[in-house]
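Here's a quick tour of some local geometry, with the cut-offs spelled out as we go. Have the viewer open and follow along.

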Amino acid sequence: MPVKKSQLIIIAAVVAAGSAAAFFYFKGFANKVFSPQELAQVVPPDAIMATFISPNPRALIQLQRFGSPETQTLIDKSLNDFQKQSLAGTDIDFDRDIKPWVGGVAIALLPPSETAKTDPPKLLLAVSIRNKVSAWNFANKLKAQQETKTEETEYKGVKISDVIEKSGKRYSVALLGNQLAIAPYRKTVEAAVDTFQGKINIANKQSASAILAKSAGVPNPIVTIFVADYPTLMQQLSTNLPDNTKLPSTALSQFKQIKSVVMGLGVDEQGVRLKVISQLDPLLTKKSQQQTANKLADRFPAETVALIGGKGLSKIWLQMTNEAKDSPDVAKGILQIKQGFQRLELNADREVFGWMDGEFAVGAIASKEGILSQLGMGGAMIFETSDRAQAEATLKKLDAIAGSNPSVSVAPRKIKDTEVIEWKIPQQGTVFGHGWLNQNSVFVAFGGPLIDVIIAQPPSPASSPSSFAIAKSLAQPSEGYFYWDVEKTMSWANRYVLSVQPTLLPPQTTAILNSIQGIGITTTYPDPLTAQVDALLGLKPKN
């Protein structure tokens with residue numbers, strides 16, 4: 001079947017797809033790695049954002065160390081299906097016609113014209129050529145097709161090909177050095193020519209040039225994303241969203257605090273790493289952030305399956321209630337939470353979240369002891385507060401409600417020097433307990449065995465190098481963190497859930513989860529005007 005020349009854009013987009021699957025397209029590429037600076041040579045400095053994809057051989061070698069035969073089969077099948085769908089109706093083969101000459105891809109969004117600011121941003125695709133002979137052969141193959149018309153003109157000494165489809169749709173292409181600039185609008189390609197000849201591009205911006213050069217500091221980078229004007233991008237995204245999914249004005253106002261963002265995705269011996277560095281606007285940033293010491297994580301044992309922590313739940317709750325004013329979805333969630341606590345005669349604003357103003361940590365813990373032997377899992381929460389009186393008043397209310405049930409007994413118990421209040425059910429044991437670890441730190445635990453664990457200060461806490469190794473490989477201290485031990489979760493699920501309902505998870509999902517060691521995410525503030533997010537997808541090595 002004849003190939004329409006508009007397939008060039010589709011093909012380039014296939015190569016440039018910003019998903020994890022796209023990385024595997026580069027297997028077998030030459031050792032040349034195109035840096036973001038090289039890929040940015042034709043991207044205008046006023047671009048709102050740009051994504052740079054490079055075939056990094058070291059990253060690909062690391063990726064090949066991970067995964068099981070099942071996951072590799074799934075990935076290969078997904079890639080094959082993706083290629084077939086993307087190149088459907090053509091006689092183009094990715095491995096034969098495209099991979100030999102593509103050395104990297106830049107995808108940029110340029111601002112709309114001054115006369116049509118409400119239009120969506122303009123797309124520019126820049127494909128780096130690492131083998132000009134193969135690229136020339138591919139171009140000749142496209143030119144041999146009969147269903148399109150090509151008009152060639154010059155702009156500042158550069159030949160621009162305007163390709164017109166039979167349907168009337170068109171796009172423009174220009175060869176600039178070793179890069180192919182492709183765009184639906186000729187003016188966009190002309191802007192790429194100006195950039196290439198002027199030597200000033202998006203990567204020259206002083207605010208992020210150093211961070212961009214290092215792909216945000218990730219090892220063996222494959223993808224780098226630079227959002228030069230974050231507020232404009234978010235405003236454009238919000239403008240083009242359906243009315244029922246519009247971003248709340250409070251969220252948009254917070255986005256204005258961020259000037260630019262650099263994101264890097266790379267691979268090392270532990271798995272896939274993502275780092276996001278945001279430059280904040282000094283005129284809009286209210287005050288410098290204080291890091292969380294993460295000391296509460298040391299209270300959780302090595303059997304912890306998942307852990308989330310941070311600081312200031314009271315502020316988070318207040319922010320959510322403010323967003324609820326112009327977001328129906330948020331408002332609905334807030335209302336449900338408030339109504340839930342109202343059934344317990346508790347005011348969510350004052351008696352629940354109001355006193356949770358310090359560090360907090362919430363974890364799920366695997367346990368086969370006591371009442372937890374039936375489920376194999378329990379949970380614990382620790383909150384620091386500056387208002388101990390209100391926290392105690394809230395817990396006493398809950399104790400009174402539980403004690404009003406004749407099948408539940410509420411009584412104190414002394415563990416070392418700590419007094420705890422426990423809720424017990426006859427013939428089953430303690431289902432819930434709470435107490436004070438120090439003057440301003442209160443804990444609650446679901447499952448009697450975990451009460452002793454939290455108080456005892458475990459010798460091998462979740463934050464130790466022997467467990468949750470992912471936690472130690474991310475930035476500390478942090479503003480907030482999330483760790484999930486997927487391997488322990490699957491071990492628990494296989495015993496307590498999947499053994500009863502083996503078809504609960506599709507085989508593909510099970511295979512993927514079984515290839516993951518764990519996931520970790522932390523948020524830090526290296527300085528008052530820089531916010532940083534570090535994430536790690538820990539992968540199991542091949543057997």
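## One face of a helix

Let's start with helix H19 (residues 507-514), where Thr 510, Ala 511 and Leu 513 are buried. Seen down the axis of H19, the buried residues fall within an arc of 165°, so they line one face of the helix. Buried here means under 20% relative accessible area, exposed means over 50%, and partly exposed is in between (1.4 Å probe, protein chains only). The arc is that of the directions from the helix axis to the C-beta atoms. Helices (H or I, at least four residues) and strands (E, at least two) are DSSP runs, numbered from the N terminus.

Some ground rules before going on. This is a predicted model, in which local features need pLDDT of at least 70 and side-chain atom pairs count only at pLDDT 80 or more, while totals for chains, interfaces and linings use all residues. Residues are numbered from 1 along each chain as its sequence is written, and side-chain values use heavy atoms, with hydrogens and water left out.

## Aromatic pairs

The structure holds 7 aromatic pairs. Rings of Phe, Tyr and Trp (its six-membered ring) pair if their centres lie within 6.5 Å; planes under 30 degrees apart count as stacked, over 60 as edge-to-face and the rest as tilted. Take Tyr 230 and Phe 255: their ring centres are 5.7 Å apart and their planes sit at 85°, so the pair is edge-to-face. This pair links distant parts of the chain, with Tyr 230 in helix H10 (residues 230-239) and Phe 255 in helix H11 (residues 249-255), 25 residues apart. Both Tyr 230 and Phe 255 are buried.

Phe 432 and Phe 446 give a tilted pair, at 5.3 Å centre to centre with 55° between the planes. Phe 432 belongs to strand S16 (residues 429-438) and Phe 446 to strand S17 (residues 441-446), 14 residues apart. Phe 432 is buried, at 8% relative accessible area, whereas Phe 446 is partly exposed at 39%. Elsewhere, Trp 317, Phe 341 and Phe 353 make up one aromatic cluster.

## Around strand S17

S16 and S17 form a hairpin with 2 residues between them. They pair in the antiparallel sense over 6 bridges, and Gly 433 stands opposite Ala 445 in S17. Two strands pair if DSSP finds at least two bridges between them.

Strand S13 (residues 377-384) also runs antiparallel to S17, joined by 6 bridges. There, Phe 383 has Val 442 of S17 as its bridge partner. S17 is mostly covered, with 5 of its 6 residues buried.

## Arginines over rings

Arg 388 lies over the face of Trp 436, 4.1 Å from the ring centre. Arg 65 does likewise over Phe 66, at 5.4 Å from the ring centre. The test is that NZ of Lys or CZ of Arg is within 6 Å of the ring centre and within 35 degrees of the ring normal.

## Two residues and their contacts

Gln 62 sits in helix H4 (residues 57-63) and is buried, with a relative accessible area of 18%. Leaving aside neighbours within four places in sequence, Gln 62 is in contact (heavy atoms within 4.5 Å) with Asn 220, Val 267, Asp 268 and Glu 269.

Ala 475 is in the loop between helix H17 (469-472) and strand S18 (480-484), and counts as partly exposed at 24% relative accessibility. Not counting residues up to four places away in sequence, Ala 475 touches Thr 522, Thr 524 and Asp 534. Ala 475 and Pro 526 are 51 residues apart in sequence and 9.6 Å apart in space, C-alpha to C-alpha.
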